Amino acid sequence: MNTTVIKRRLYLADLEVTAKDVYIKHDFANETAETLDTNEQPQMRHNLYKTNLDTNKDTSMLDFSSTNFSQNVLQKQNQDIVANASEFLVSTGNSGKIPLEAETIKLISLWSANDPKKMEKMIGIIFNAKKASETFITQQTGTPTTIFLDNYEDLQHDITVSLRRTFNAIRNKQDKKQKVNPENYISGAMRNTFEVWYSEYMQSLSSNG
């Protein structure tokens, strides 16, 4: 295994950063409970349900688009999504979820101003930075590299710490009216986090080998 050490650097150049679509897979379990009196025939109960369903001729599709809700309801929906994101977004072995620790999602939620789209954008920046780092490491080492976040809790913690430091730095600059591109700043900090972690990881493998 190539143990080339990646020099620590902070990337703050303009990068093309787009929000990564976050697809959340919901698993629904259908549960059926049959509570029948001793004198009631199961077939009658079955037919009753069937009749009720058959009489429902409403074929309209559910539409959850923003235009169908008031601003007040939208605000409550957004607040609920952001407040509970750490529960439904975090990976627990489900490939449909995001391989970040709950603390990372909570932190992003806290800095997203109750806007799920901002959350999605920040998560996208993290994974775009991860991909850019993997490409850079591959070029430097000559070995195709993919970092699987699910396998490294220490890296996930590093991401949280780096994000917290970065959010604070951006706010301080903006409060002082200093020019800063938050997206590029976050991207640079994340690339630095991934590449420094990888370098230290490879050094630890070398020393233990």
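Which backbone oxygen does the side chain of S109 reach? In this predicted model, the side chain of S109 reaches the backbone oxygen of I105, at 2.8 Å.

**Around S109**
- S109 sits in helix α4, which covers residues 102-110.
- With a relative accessibility of 10%, S109 counts as buried because the cut-off is under 20%.
- Leaving aside residues up to four places away in sequence, S109 touches V82, A85 and M119.

**Helix α5 and its ends**
- Helix α5 runs over residues 116-141, 26 residues in total, and its first and last C-alpha atoms are 37 Å apart, close to the expected 38 Å.
- Just after α5 comes G142, with a positive phi of about 75 degrees.

- R164 and E103 pair through their side chains at 3.4 Å, N to O.
- That pair links distant parts of the chain, with R164 in helix α6 and E103 in helix α4, 61 residues apart.
- R164 is partly exposed at 38% relative accessibility, and E103 is partly exposed at 39%.
- K121 and E183 form another salt bridge, their closest N and O atoms being 2.6 Å apart.
- This pair also links distant parts of the chain: K121 belongs to helix α5 and E183 to helix α7, 62 residues apart.
- K121 is partly exposed at 33%, as is E183 at 27%.

- R191 and E195 form a salt bridge with closest N and O atoms 3.3 Å apart.
- Both residues lie in α7, 4 residues apart, or about one turn of the helix.
- R191 and E195 are both buried.

How values were computed:
Residues numbered from 1 in each chain as written. Predicted model: local features only at pLDDT ≥ 70, side-chain atom pairs only at ≥ 80, totals over all residues. Heavy atoms only, no water. Helix = DSSP H or I, 4+ residues; strand = E, 2+ residues; numbered from the N terminus. Buried < 20%, exposed > 50% of the residue type's maximum accessible area, 1.4 Å probe, protein only. Polar contact = N/O pair within 3.5 Å; in protein donor to acceptor, adjacent residues only side chain to side chain. Contact = heavy atoms within 4.5 Å. Expected span 1.5 Å × (residues − 1). Salt bridge = Lys/Arg side-chain N within 4 Å of Asp/Glu carboxyl O.
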